[in-house]
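Please look over the sequence and the model shown below before reading on. The report then takes up selected helices and residues in turn.

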Amino acid sequence: MFKVSVIIPVYNRAKLIKEAVESALNFEQVGEVLIVDDGSTDGSLEICKEISQQEKRVKIFRHPNGNNKGVSASRNLGIKNARFEYISFLDSDDFYHKNRFELDEKVFEENPEASVVYSLSQIQFENGNTESFGTNKNLLREVNNNRNEFYRYVLEKEIMLGHISSVTFKKTVFYKIPKWFDTRLSLHEDTEFWNRVARKYPFYSGQLSISVSTYTHHTGNTISKRSKDSEIKLLVVFIDNVGIHHLWDFEKNYIIYHLARAISNPIRPHWIRKTILHGVQIVLIPVKNVFTRYFYHWGMRHLKL
């Protein structure tokens, strides 16, 4: 039977958390909703307690002493306490659509080897406009069902595998991927985890024609805090988790490209930015083995990781 544990980390979302939880409770496939309060101070916890009193599927967890430990630690606490065979995530200011698990259930049933299913999501802006988020391509079909080529294809094409709210995992995935969401990252933690999962498991496609969830874009989103330093930290943590001696050549190329992009993105005008973006790669790709080791050790020291 297809039953999902939905994990919702919450930090000061009193105005939005009820809508998020109720959107997850709409499905018979949802066996439980695990709310992880991350030290909220705005009444979010009280609202969650009211919901849990009315709905037995809702369970509330907190960090020791009610501390704030960040979204990665909160998702990890939810994973640790999840009871059902499948796990999905939902941020406390987002919500699921009515079709959220329809194709997921079918894909897992028809493909017993599948461990991850991704679907299309959408961003909703403060002015009410929306746009798609994630890829609408069947990526395994793009690589002729070659599971070994899937990860390389995703990295080299810079494909967004889906929003945190539109991907469903078999719980067994978390037994094979150490550290889960890395608590050293307060930004890009889902991207870093997605990459490590994709090294071992191809993502099967779910609903690609219409979105299954909405990500609300507002000034409080962590995405607005992304910077050159946060991009560099993502790359260093990824190397650390994979292991400097286990990186494949195409991963080293990926690291150099994203480092070059992080360095060049803030630069204006456009032609100078492009020159630096390509110039850094031209210089570093031929010496990528030496450079990635240097970059990793420098990053670990510089970022105090």
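## Basis of the description

This is a predicted model, in which local features need pLDDT of at least 70 and side-chain atom pairs count only at pLDDT 80 or more, whereas totals for chains, interfaces and linings use all residues. Residues are numbered from 1 along each chain as its sequence is written, and side-chain values use heavy atoms, with hydrogens and water left out.

Helices (H or I, at least four residues) and strands (E, at least two) are DSSP runs numbered from the N terminus.

## Helix α10 with α6

Helix α6 (residues 147–156) packs with helix α10 (residues 249–264) at an angle of about 20 degrees, their axes lying 10 Å apart; axes are lines fitted to C-alpha atoms, for helices over the stretch in contact, and angles run from 0 to 180 degrees between N-to-C directions. The pair is therefore roughly parallel, on a scale where angles under 35 degrees count as roughly parallel, over 145 as roughly antiparallel, 65 to 115 as roughly perpendicular and the rest as oblique.

The crossing of α6 and α10 is left-handed, that is, the near helix is turned anticlockwise from the far one by less than a right angle, with clockwise giving right-handed. On the α6 side the contact (heavy atoms within 4.5 Å) is made by Tyr151, Arg152, Leu155 and Glu156, and on the α10 side by Phe250, Glu251 and Tyr254. By class these residues are 4 nonpolar, no polar and 3 charged, where Ala, Val, Leu, Ile, Met, Phe, Trp, Tyr, Cys and Pro count as nonpolar, Asp, Glu, Lys and Arg as charged, and the others, Gly among them, as polar.

Leaving aside neighbours within four places in sequence, Tyr257 is in contact with Glu158, Leu277 and Gln281, and its C-alpha atom is separated by 8.5 Å from that of His278, 21 residues apart along the chain.

Helix α12 (residues 288–302) packs with α10 at about 60 degrees, with axes 10 Å apart, and the two helices are therefore oblique to each other. Their crossing is left-handed. Here α10 contributes Asp249, Lys252, Asn253, Ile255, Ile256 and Leu259, and α12 contributes Lys288, Asn289, Phe291, Thr292 and Phe295, giving 5 nonpolar, 3 polar and 3 charged residues.

Helix α8 (residues 189–200) has 12 residues and reaches 18 Å from its first C-alpha to its last, close to the 16 Å expected at 1.5 Å a residue, the expected span being 1.5 Å times one less than the number of residues. Because 9 of its 12 residues are buried, α8 is largely enclosed by the rest of the structure; buried means under 20% relative accessible area, exposed over 50% and partly exposed in between (1.4 Å probe, protein chains only). Among the buried residues of α8 are Phe193, Trp194 and Val197, together with Glu189 and Asp190.

His63 lies in the loop between β3 (58–62) and α3 (71–81) and is buried, with a relative accessible area of 6%. Not counting residues up to four places away in sequence, His63 touches Val36, Asp37, Asp38, Lys69, Gly70, Ala73, Ser74 and Leu77.
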